[in-house]
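Please look through the two-chain model shown below before reading the report, which takes up one residue and then each chain in turn.

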Amino acid sequence: MTQTTIEIKNNEGLHARPASEFSKATMKYKSDIKVYKNGQEKAYNPKSILSIMSMGAVKGDVLRIEASGEDEAAAIEDLKTILESFNQ
Amino acid sequence: MEHLLGTGVSKGIAIGSVLVKKENSSDFLKKSITDVAYEWNRFLKAKEVGKQQLEVLVQQSREAIGEDEAQIFEAHILILEDEELANLIKIQIDNQKKNTEWAVHEAAEHFAVMLEGLEDAYLKERAHDIRDVAARLIRILSGADKQEIPVLEEPCIIVARDLMPGEMIHINKELVMGIITEAGAKTSHTAILAKAMGIPAIVGAEGILGKVKDHEIIVFDGEFGSIFICPEKNVLDQYKQKLESMNSQKKELEGFKDKASVTKDGIKVELFGNMASIAELPGLIENGAQGIGLFRTEFLYTTQASAPTEEEQFEIYKHTAEKLQGKTVIIRTLDIGGDKEIPYLGLDKEENPFLGCRGIRLCFDNIEIWKVQLRALLRASIYGDIKIMLPMISVMEEVRKAKEIICEVKAELKNSGIAYNEKLEIGIMIETPAAAVLADAMASEVDFFSIGTNDLIQYTLACDRMNPKISNLYSQFNPSVLRLIKHIIDTGHEYGIKVGMCGEAAGDARLIPLFVGMGLDEFSMNTSALLEAKKTVTQISKQEMSEVVPEILRLKTTNEIEKYLCNLA
């Protein structure tokens with residue numbers, strides 16, 4: 001399992017276009033990917049746009065992304081870059 | 001007779017018999033099943049059909065209405081194919097032994113309710129989209145998807161709780177005389193689509209469903225939101241008369257569609273259209289717009305939760321240029337200020353937003369966002385005659401800085417081997433008294449002027465047009481304003497550049513003769529003003545008008561000028 005954490009820094013949070021871009025990016029990977037918000041137990045499925053939207057991540061929230069599977073390292077690296085690009 | 005008030009969102013009078021649209025998403029059969037594999041298969045098939053329907057809708061709305069509307073359906077496809085939604089439906093079928101319709105309904109409600117519970121207004125609204133997708137699936141499953149609106153045989157006024165975009169696009173424009181919904185606000189999908197389709201509409205008419213039945217006569221005014229159910233004879237007659245006079249006026253004006261906009265003494269006058277969304281393009285072209293004098297791009301920014309991407313904008317500008325087939329398209333770059341709420345820009349609340357960081361000032365402050373727009377504009381410039389217009393210019397430094405930035409963007413494109421129109425013209429809005437007074441300096445460094453009368457009046461008279469206490473001050477007949485306009489036109493011509501106008505005054509039939517006399521080259525206005533403007537132009541002589549200009553400009557008060565011009569008409 002590979003994981004990373006990242007803080008959401010942009011004003012609009014993770015919704016609309018960023019959410020669907022993030023979601024689409026996760027679909028490229030075979031690994032099982034989960035997202036946790038602010039250390040909570042509930043796991044969200046980033047391959048589902050509805051799951052990501054219902055997470056309702058806003059500015060200041062800290063997300064932990066976990067991936068397990070053959071392409072887990074690449075997935076985590078890619079997803080971190082994408083989330084960071086929203087923060088700029 | 002009963003009177004009701006809603007929010008008028010699409011202008012026009014409608015008189016007709018009511019057709020109540022029933023809610024179809026709720027009337028499905030709930031039953032327990034045993035063959036779970038069969039039910040799951042039904043879902044998979046319905047999903048496939050739903051996807052095909054939505055793909056057609058994306059295509060249709062992109063062609064007939066606009067990119068914004070097409071994106072609504074693209075988002076629906078994403079929801080339809082959602083992994084978690086499918087998982088939840090499978091659980092409902094496998095474990096709860098619910099039939100597919102029921103399972104779809106339950107799963108969609110689960111997500112819709114969750115989104116409704118969030119703080120964010122944008123996400124809250126997505127609950128609507130999920131329910132729309134679920135309703136589509138249920139219609140397909142129960143075989144009720146053949147017609148989304150009941151088959152219409154005679155003209156009617158549709159009354160509904162709400163209309164989904166998927167239903168709106170199937171409305172037969174010939175038979176639907178008006179739309180009234182209980183839900184919705186000025187910016188709802190129903191409002192935007194009705195306006196684009198030219199159907200009178202009222203939204204937010206609370207309680208109307210409890211008050212009307214099919215075939216009852218109803219009268220409403222889509223501009224002011226007034227509704228009369230089973231109207232008394234005098235009310236009905238009054239509205240019939242209003243409708244008739246509107247229709248005969250419309251008919252007379254329609255005769256001008258194919259006429260040239262040439263004055264009696266043979267001078268051509270350019271009549272252009274103003275637009276905010278590509279939904280307005282078909283109407284503008286149909287009404288004979290000879291170009292676009294003002295494409296307000298703000299709408300692209302205010303209707304979304306994040307800034308539009310370069311690609312998105314490029315497609316919209318390219319589409320507009322192509323539809324105009326080589327005619328001029330003047331695109332004004334982002335023009336907003338602190339009076340607007342755009343979360344992703346993080347605009348500060350200002351004491352005086354109209355004297356604050358707005359227009360070009362705001363673009364300089366958000367240079368990266370502005371550059372994205374410029375790149376999109378430059379890339380689209382090879383598909384037609386696109387020109388860039390800069391808003392809210394007040395000093396020369398702004399013109400120079402803006403041109404420098406445009407040069408930088410051009411250089412970036414060139415380095416990446418991306419084509420753009422090298423001769424692309426850059427012009428400015430003249431809407432501050434400062435720019436008007438300095439018109440000679442400005443004219444020597446830009447390719448064209450466009451007079452923005454709304455702001456020019458407001459800034460010249462130091463008068464907020466929205467403040468009812470001083471609304472008598474705000475007037476497009478004001479002599480100071482008209483003298484400034486004359487100065488701008490003369491100075492522009494002295495330097496050999498074109499001068500247009502894109503404020504409301506440009507579409508005012510009482511002022512058009514005066515501006516023709518002053519030599520204004522191009523008038524840009526809303527679709528609804530185009531035909532009347534053409535009628536006015538064909539009835540005057542430029543020579544005669546130019547002779548009376550000095551006389552009019554010697555008048556000292558707004559009243560005297562207004563009277564003089566009204567007597568001319």
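In which helix of chain A is A:Ser85 found? A:Ser85 is found in helix H3, residues 72–86 of chain A, where helices (H or I, at least four residues) and strands (E, at least two) are DSSP runs numbered from the N terminus. This is a predicted model, in which local features need pLDDT of at least 70 and side-chain atom pairs count only at pLDDT 80 or more, while totals for chains, interfaces and linings use all residues. Residues are numbered from 1 along each chain as its sequence is written, chains are lettered from A and ligands numbered from 1 in the order in which they are written, and side-chain values use heavy atoms, with hydrogens and water left out.

A:Ser85 has a relative accessibility of 39% and therefore counts as partly exposed; buried means under 20% relative accessible area, exposed over 50%, and partly exposed in between, with a 1.4 Å probe and protein chains only. A:Asn10 lies 75 residues from A:Ser85 in sequence, yet their C-alpha atoms are 9.7 Å apart in space.

Chain A has three helices and four strands, and its elements run β-α-β-β-α-β-α from the N terminus on. Its radius of gyration, 11 Å, is close to the 12 Å that the globule rule gives for 88 residues, so chain A is as compact as a globular protein of that length; the radius is taken over C-alpha atoms, and the rule is 2.2 Å times the number of residues to the power 0.38.

The secondary structure of chain B comes to 22 helices and 16 strands. The radius of gyration of chain B is 27 Å, close to the 25 Å from the globule rule for 569 residues, so chain B too is as compact as a globular protein of its length. Chain B is divided into domain 1 (2–21 + 149–251), domain 2 (36–141) and domain 3 (257–568), with bounds that come from an automatic or database domain assignment. The centres of domain 1 of chain B and domain 2 of chain B, taken over C-alpha atoms, are separated by 29 Å.

The table sets out values for each chain; accessible areas come from the Shrake-Rupley method with a 1.4 Å probe, and for residues only the protein chains shown count as cover.

| Chain | Span of C-alpha trace along principal axes | Buried residues | Accessible surface |
|---|---|---|---|
| Chain A | about 35 × 25 × 20 Å | 58% of 88 residues | about 4000 Å², 46% from carbon and sulfur atoms |
| Chain B | about 90 × 70 × 45 Å | 53% of 569 residues | about 25600 Å², 50% from carbon and sulfur atoms |
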